[in-house]
Amino acid sequence: MTVATPHPRAAGHPEPAGVDNRLVVGGAARTWRSLPTPALPDPAAVLAHSAGDALAAARQHAVHGGELLLSTASRVDAAMRAELLDAGFTVTVLDEDGVHPSAPPRPRAAEPGRLWLLTSGSTGRPKRVGHTLDTLTTVRADQPDRTWLCPYAPGTYAWWQVVTLSLTQPGQHLVVVEPDELDDWPAVAAAHGVDAASGTPTFWRRTLYRDAAALARVPLRQITLGGEPVDQAILDQLREVFPAARISWIYASSEVGASIVVHDGRAGFPVGWLDRETPGRPTLSIQDDELVVTSPYHGAGLAGPVRTGDRVQVVDDRVLITGRLDSDEINVGGSKVSAGVVRGVLTGHPAVAWARVTGRRAPVLGRMVVAEVVLAAAAPSDRPDVTVPDEAELVRWCADRLPEHAVPRRIRVLTEIPVKETLKSDV
């Protein structure tokens with residue numbers, strides 16, 4: 001499903017407005033203007049070796065147009081590489097030694113201005129979604145000067161959101177962290193004056209778990225969460241550390257773009273936003289417990305209502321996104337259980353840093369609810385009554401808050417919060 005997105009950028013477009021914004025990569029400061037401009041094939045599927053290589057490819061596209069798919073080599077396996085070659089892309093490794101292309105068996109003409117994204121693969125194998133730099137640029141109003149942390153894998157939708165902000169808006173600087181710097185990113189951010197950061201809930205939970213004191217030393221004024229279900233527990237934990245910061249959660253995807261932005265500190269979005277049609281803004285609706293979005297920022301070929309595959313639940317005056325339809329619902333003896341709701345109860349325990357909830361085969365019932373948790377490293381300083389819970393205590397915690405069939409029958413304790421290259425974990 002592909003249609004042309006209006007107004008693609010032509011080759012030879014002038015330097016973007018943010019070209020003199022500061023970039024910090026690998027501890028070294030530079031600007032967009034000072035990045036090298038590699039001579040890329042067209043169309044190209046660029047596999048960037050480093051964050052700096054990825055930024056150089058993004059600037060090259062912004063200035064010269066062409067057709068580009070940008071990723072890292074680790075997100076493109078042999079089957080995907082073969083698929084890209086068959087689709088007419090020159091698969092190109094970009095590293096400090098230059099450009100290393102592999103030509104396709106059947107070359108084709110490039111589509112000017114087209115940008116391709118690989119989805120995160122949450123529904124199976126990653127697939128290509130077409131955009132342009134314009135459809136990926138969703139922040140257009142003037143912004144206060146900020147220095148943003150960019151922790152995302154190059155080429156993902158979330159990465160492009162931060163990158164396009166810096167490319168198109170003067171005063172939006174970037175501090176980029178490589179995967180091997182993620183464990184120590186608060187120190188990097190504090191050293192370079194980061195005051196705004198975007199990450200998944202897993203990213204924020206993992207940072208709080210590993211070193212909340214180091215995180216508190218980063219002078220954050222803007223905190224953004226997205227990419228996974230955002231529950232009240234993580235919003236409250238971040239508010240406790242950063243009482244004066246604006247905390248936002250964003251619902252966005254490669255398919256429908258940035259569709260929901262919430263700043264009120266509460267999980268979910270107001271019921272009043274449903275079926276509200278406003279020119280230039282996404283329309284949100286629910287069909288069979290699934291979020292449906294009609295968005296002006298959609299990918300190519302996705303005009304009109306798009307079924308997102310995300311399950312929602314209306315609780316009082318809020319619409320909560322609980323997880324993927326294909327994995328959120330657990331059938332326990334004919335009763336439906338939302339894994340996201342159970343996860344929210346577990347992460348609401350003051351000693352639980354992270355939780356994953358799934359279904360497991362069981363005699364008679366067919367499925368039973370099980371969970372994995374990571375416990376907080378230490379009790380909160382203002383909660384001396386909080387002790388390290390055992391499995392029985394966590395089961396009792398859930399039993400006090402959930403119907404009997406939704407209570408986990410097994411809870412396994414992990415020692416580290418699992419995280420993928422996309423900064424997500426399988427929740």
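Buried means under 20% relative accessible area and exposed means over 50%, with partly exposed in between. The model you are looking at is a predicted one.

Let's start with the sheet. Eight strands make up an open sheet with mixed pairing, in the order β2-β1-β10-β9-β11-β12-β13-β14. Its edge strands are β2 (28-31) and β14 (257-262), each of which pairs on one side only. On average, neighbouring strands of this sheet are turned by 25° against each other, direction ignored. As a reminder, strands of a sheet pair through backbone hydrogen bonds, either parallel or antiparallel.

Strand β1 (residues 22-25) is joined to β2 by four bridges, and the two run antiparallel. Here L23 has R30 in β2 as its bridge partner. The two strands form a hairpin with two residues between them, and G26 in the turn has a positive phi of about 60°. With strand β10 (residues 172-176), β1 pairs in the parallel sense over three bridges, and V25 finds its bridge partner in V176 of β10.

Further along the sheet, strand β11 (residues 196-199) runs parallel to strand β12 (residues 222-226), and four bridges join them. Look for S198, which stands opposite T224 in β12. Helix α7 (residues 232-241) packs on the sheet, where α7 touches β12 and β13 (246-253), and its direction makes about 165° with that of β12.

Helix α7 also has a helical partner. Two packed helices are described by the angle between their axes and the distance between the axes. For helix α6 (residues 201-216) and α7, the angle is about 10° and the axes are 11 Å apart. Angles under 35 degrees count as roughly parallel, so α6 is roughly parallel to α7. On the α6 side the contact is made by W204, R205, L208 and A216, and on the α7 side by I234, Q237, L238 and V241. Sorted by class, this contact has six nonpolar residues, one polar and one charged.

Now for the charges. Side chains of opposite charge can pair when their charged atoms come close. The structure holds 23 salt bridges, and three of them are worth a visit here.

One is between R206 and D183, whose closest N and O atoms are 2.8 Å apart. Because R206 lies in helix α6 and D183 in the loop between β10 and α5 (185-191), the pair ties together parts that are 23 residues apart in sequence. R206 counts as buried at 16% relative accessibility, whereas D183, at 37%, counts as partly exposed.

Another salt bridge links R307 with E290, again with the closest N and O atoms 2.8 Å apart. R307 lies in strand β18 (residues 306-315) and E290 in strand β17 (residues 290-294), so this pair ties together parts that are 17 residues apart in sequence. R307 counts as partly exposed at 43% relative accessibility, while E290 is buried with a relative accessible area of 8%.

The closest N and O atoms of R311 and E329 are 3.6 Å apart. R311 counts as buried at 11% relative accessibility, and E329 is partly exposed because its relative accessible area is 35%.

Finally, return to R206 and D183: salt bridges that share partners join D183, R206, R210 and E416 into one network.

Methods. Residues are numbered from 1 along each chain as its sequence is written. This is a predicted model: local features need pLDDT of at least 70, side-chain atom pairs count only at pLDDT 80 or more; totals for chains, interfaces and linings use all residues. Side-chain values use heavy atoms; hydrogens and water are left out. Two strands pair if DSSP finds at least two bridges between them. Axes are lines fitted to C-alpha atoms, for helices over the stretch in contact, and angles run from 0 to 180 degrees between N-to-C directions. Contact means heavy atoms within 4.5 Å. Angles under 35 degrees count as roughly parallel, over 145 as roughly antiparallel, 65 to 115 as roughly perpendicular and the rest as oblique. Ala, Val, Leu, Ile, Met, Phe, Trp, Tyr, Cys and Pro count as nonpolar, Asp, Glu, Lys and Arg as charged, and the others, Gly among them, as polar. A salt bridge is a side-chain nitrogen of Lys or Arg within 4 Å of a carboxyl oxygen of Asp or Glu. Buried means under 20% relative accessible area, exposed over 50%, partly exposed in between (1.4 Å probe, protein chains only).
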